[in-house]
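Hi everyone, thanks for coming. Let's take a few minutes to look at a structure together, and please keep the picture open while I talk.

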Amino acid sequence: MKPKLSLLVCLLLIVASCQNKKPKKEVEKEDVSANLLQYAKNLRIFDYGSIVKIEIINQEKGAVIFATELVREKRLGNSNSINVPIKKMAALSATQVGMLGKLKAYKHLSATIDKKYIYDKDLKHFIQLKKIHELATETGVSTEQLIASGSKFVLYDDFGTGFTDEDKLKQLGITCIPVGDWQEQHPLGKAEWILLYGYLTGKEKEAKAIFLMIEKNYNKLKEIAKKQKRKPSLISGNLITDIWYAPAKNSYNARLFADAGGKYVYANETSSKPSIEKSMEQILSENKKTEIWINPGFSSKKAIKLHAQKTSLLHPFKTGKVYCYSHNMNLFWERSAIEPHFVLEDLIRIMHPKALPKGKFHFYKKVK
Amino acid sequence: MMSKLNYWLFGGLVIALLLLSWYHLVVSDVNQISLADHFNAVFDFQASKFEHVMAREFRIPRLVIALIAGAGLAVSGMLTQTIFRNPLSDPFVLGINAGAGLAVATGMLSGFSILQSNMGIITLATIGASVFGLLILFFSSFLKNNASLLIVGIMLGSFGGAITSIAQYLSTPESIKSYMIWGLGSLQQVNFNQIALIVSTFVALIFCTLFLIKSLNALILGEAQAELLGIRVKRNRVLILLLASSLAGLITAFCGPIAFVGLAIPNLCRMLFRTQNHLTLLVANVLVGAIFLVICDILIQMIQTTIHIPINAFTSILGAPFVIFIIIKRWS
C-alpha cells in the first residue's frame, strides 16, 4: 500500500505544480482583454481563429455558468467543445427567435415556442409546414417533445435555475445553453448577443456587420437626442396589485429613456433588483406634473382603467400622453432586443416629436 | 339576553373600530392628509386640491372596503359554519370563492366589455359564488361527515382553478394580466363612486340576515330539532347559503379572493362572546371582522416602505396559525 500511496502523492504534487506555473489571474486578464464584446456583461467571446471560446455569465451569481469552445467543422475538439455551425437547435424565447431571424438562420432551428407567441411570418410558415417543431412556452416545454424534435442544442433564458431535466438531456447528448441577454442593462449589450448566434450558426461575419450597423444607428440617434434642449419628464411601469413597479437606475429601460433625451422621474433610484417598488399614492404625489407615461403594459385606456382604475388620475393619462408597445407584443419581444435603435427612435419621437424627420413608430403606439 | 360583559365587549369593539378607522385614514406617511381634508373631500370636494383627491380616491375607499370586506367575509363564514355545523367551513375552504373567481375569470377573459364592467364583475361573482354554494349544499345532503364536505369544497376549488387555468391559456395576455392581478387580492381597487353601491348592497344583505336569525339559532340544534321548532329547514338553508354566497361574491368582486377572514373571525367571535345567539354573533362578526381587516391594512401600510405584502397573503399569515389552533383545540 505504501509505495502506491507515495506514488499517488507524487502525482498530485506534479499536477499541482504544473497548475501553479500558469497563475489563474493572468489567464483571466488576458482573456478579458481579448473579449470581442464591448457592451454585453453576461457574455464573453474570444475568437482564437480555429477555436472560439464562449463564456456565459450570471451577474447575480457572479460566476461563469456556461463555457465552451466552438470548433469549426471537421476539426477535432475536446469533449466539451461544440462543432459549428450547429444544425439542430431549439430556441425557447421570442428574443432568441428574433436574433436568428435577423441572421436569416432559421434553417439551424429545429424547434421553437408556441406559434401564438411568434411574429415572424416566415417562421410561422415553417412551423405550419412542420419543418420546425412547435413546443409549448419555455416554462412548460415537454422534455419528450423536445427530444422528439431532434434538437441537439437548447437555448433557454437563464433565470439562475438551469433548464428542466438538463442532466437527463445531457445524457442524451443534448446541450443546454443559458441565455442571459434579458439581464443586460445596456440596449447595445442586449443586441450584442447576436454574435453568439452568429458564431453558433457560422454566420459570425454577418452578425458582426449587423451589430456594427445597429451600434452606428443607435449612437447617431443618441447624439440627436442629446442635442435637444428640453427634456420631458416621464414615468414608466404600472401597478401590479397595489405595487407600482418602475425601472430602477441602471436598468435597460432607464438607459433607453436617458439616451432618448427624457427626464425619467426615478432615474436616480437604485435597487438590488432591476425595478423599484412604489405605492400608487407615492406615484401620484411624485408625478403631479410628469408629462409622459411609457409602458403601462396595456394597449388601450379602457384596459388600463379596467386593470387599475386609479392610474387614470395620472397627469399623462388625462393629457393622453401614454405610449406602449402592447398592441403587438410578439413584434416587440421578437425584435426589440436586436433592433434597439428602432426602440430608441420610437422613444425620441415620443419625447421630441420634432427632432426626427416624419416617420412612423416601429414598436410603440399612443394608447387611446 | 346578552350578558353585561358582552355589552362591555361591544362597547370596546365600537371604540376600537372608530380609533382604528381614524388611524387607518392618517397612518400613511406618503402624504399628510388631515381629518378635515377627509371631511371636505366628501362634502366639499375640489378636484384641483391634491389632498382632496388623495382622500377621496385613496384613503376613504380603502378604509370603507376594508371595513366592509372584513365584516362581510366574517358574516359569510359565520353563516356557512352554522348551516354546515362545521367550524372549519368558510367561503374560501368550501370553494365558494373559487366559484366567484371562475365566473369573474370567464367574464374578464371573455373580452366582452359588459362582463368586464363593475356591475358585470359583481353579478358574475355573485352568480359564481351562489352556484358553487348550491353545489356544496347539494353534496352536503349526501354526506354525513363534515370532513368529507370540506374535501368536496377543496375539490370544487381545484376544479374551478383548473377551468380558470384553461381559460387563461386561451385568452389574450392583457386579459390574463388583469385577471391574475385581480386574483392576488387588493383593497385599493375600489373608487369613491363605487362606495354607495358596495355599502348599500352590504347593508341590504345584512338586513336580510336579520330575518334568518331564528333559523340560524335553531339550526345549531340540528335539522330535526329545527323542524320541530317550525323552521322550514330546506328553504332556509338555501336562503342562508345564498346570503353567504352573495356576501362572499360582493367582496370577491371588488377585492379579489381574501383568505382566512371568513374562517378565523367567526370562531374568534364564538370564543370571545361565548354564545350561540346569532344576533349577538352577527354584530360581533361585523365588528371583529372589520377591525381585523383594518388592522391588517394598517400593518401593511406601516411596513410598505420595507416590503409590499398583498392583503390576501397578509390575512393568511395571521389567519393560518389561528385556524391550526382551532383544529388542535377541537380534535385533540
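**Salt bridges and a sheet**

Let's begin with A:Lys168, which is exposed, with a relative accessible area of 54%. Please keep in mind that this is a predicted model. A:Lys168 makes a salt bridge to A:Asp165, and their closest N and O atoms are 3.7 Å apart. A:Asp165 itself is partly exposed, at 28% relative accessibility.

How many salt bridges are there over all chains? The count comes to 15. Another one joins A:Glu55 to A:Arg44, with 2.9 Å between the closest N and O atoms. A:Glu55 sits in strand β2 and A:Arg44 in strand β1 of chain A, so this pair ties together parts that are eleven residues apart in sequence. Is A:Glu55 buried or exposed? At 10% relative accessibility, A:Glu55 counts as buried, while A:Arg44 is partly exposed at 25%.

Next, find A:Lys278, which forms a salt bridge with A:Glu286 at 3.3 Å between the closest N and O atoms. Here A:Lys278 is buried, with a relative accessible area of 6%, and A:Glu286 is partly exposed at 35%. Salt bridges with shared partners also link A:Arg44, A:Lys53 and A:Glu55 into one network.

Now over to the sheet. Five strands of chain A make an open, mixed sheet, in the order β13-β10-β15-β16-β17. Its edge strands are β13 and β17, each pairing on one side only. Strands β16 and β17 of chain A pair in the antiparallel sense over two bridges, and A:Tyr323 stands opposite A:Lys366. Finally, helix α15 of chain A lies across β10, β15 and β16, running at about 160° to β15(A).

Methods
Residues are numbered from 1 along each chain as its sequence is written. Chains are lettered from A and ligands numbered from 1 in the order in which they are written. This is a predicted model: local features need pLDDT of at least 70, side-chain atom pairs count only at pLDDT 80 or more; totals for chains, interfaces and linings use all residues. Side-chain values use heavy atoms; hydrogens and water are left out. Two strands pair if DSSP finds at least two bridges between them. Helices (H or I, at least four residues) and strands (E, at least two) are DSSP runs, numbered from the N terminus. Contact means heavy atoms within 4.5 Å. Axes are lines fitted to C-alpha atoms, for helices over the stretch in contact, and angles run from 0 to 180 degrees between N-to-C directions. A salt bridge is a side-chain nitrogen of Lys or Arg within 4 Å of a carboxyl oxygen of Asp or Glu. Buried means under 20% relative accessible area, exposed over 50%, partly exposed in between (1.4 Å probe, protein chains only).
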